[in-house]
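Me: I'd like to learn how to read side-chain features off a model. Can we go through one together?

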Amino acid sequence: MTFLRKTYIPLGQKISPHEQKLLEKSLQETLMLTAPPEDFVFELEDALRAEAQRQQRQQTHLWQGLGIAGLIGGGLLSIVGGVWVWLRWQERQNVKTPLIPLIS
């Protein structure tokens with residue numbers, strides 16, 4: 001059982017070609033690639049697609065909501081601004097002129 005033996009190689013220190021080959025073999029055995037089962041891959045693809053579609057719908061709904069809120073807010077601001085302008089105009093119309101004109 002070679003995996004229980006710990007060998008530390010300080011950085012910059014050269015090792016013999018034999019040790020190099022043993023280290024490479026040990027790394028290859030340790031990091032051996034294994035392919036996941038096909039069922040897992042298909043389930044993962046389906047899950048990723050479903051999540052992407054959910055996020056796309058959520059983002060679309062968000063932008064639609066912001067657009068509607070902008071339309072309503074803009075309409076209300078226009079009404080409030082119109083009422084304010086009308087009130088200011090009414091104030092100017094109702095200002096009473098002095099009975100005695102001021103002579104300058």
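Me: Is arginine 54 buried, partly exposed or exposed?

Reply: First, some ground rules: this is a predicted model, where local features need pLDDT of at least 70, side-chain atom pairs count only at pLDDT 80 or more, and totals for chains, interfaces and linings use all residues. Residues are numbered from 1 along each chain as its sequence is written, and side-chain values use heavy atoms, with hydrogens and water left out. Now the general idea: buried means under 20% relative accessible area, exposed means over 50%, and partly exposed is in between (1.4 Å probe, protein chains only). Arginine 54 has a relative accessible area of 38%, so it counts as partly exposed.

Me: Which residue does arginine 54 meet in a salt bridge?

Reply: A salt bridge here is a side-chain nitrogen of Lys or Arg within 4 Å of a carboxyl oxygen of Asp or Glu. Arginine 54 pairs with glutamate 51 at 2.6 Å, N to O. Glutamate 51 is partly exposed too, at 32% relative accessible area.

Me: How many salt bridges does the structure hold?

Reply: Three. Another joins aspartate 46 to arginine 49, with the closest N and O atoms 3.8 Å apart. Those two are three residues apart in helix H2, so about one helical turn separates them. Then there's arginine 88 with glutamate 91, at 3.2 Å between the closest N and O atoms. Arginine 88 is partly exposed at 36%, and so is glutamate 91 at 46%.

Me: What makes up the nonpolar surface patch?

Reply: Patches take residues with over 30% relative accessible area and no salt bridge, joining like charges within 9 Å and nonpolar side chains (Val, Leu, Ile, Met, Phe, Trp, Tyr) within 5 Å. Areas come from the Shrake-Rupley method with a 1.4 Å probe; for residues, only the protein chains shown count as cover. Here, Ile68, Ile72, Leu76, Ile79, Val83, Trp86, Leu87 and Trp89 make a patch of about 850 Å². Isoleucine 79, for one, is in helix H2 (residues 38-93), and is exposed at 56%.

Me: What share of the chain is buried?

Reply: Buried residues make up 0% of the 104 residues.

Conventions. Helices (H or I, at least four residues) and strands (E, at least two) are DSSP runs, numbered from the N terminus.
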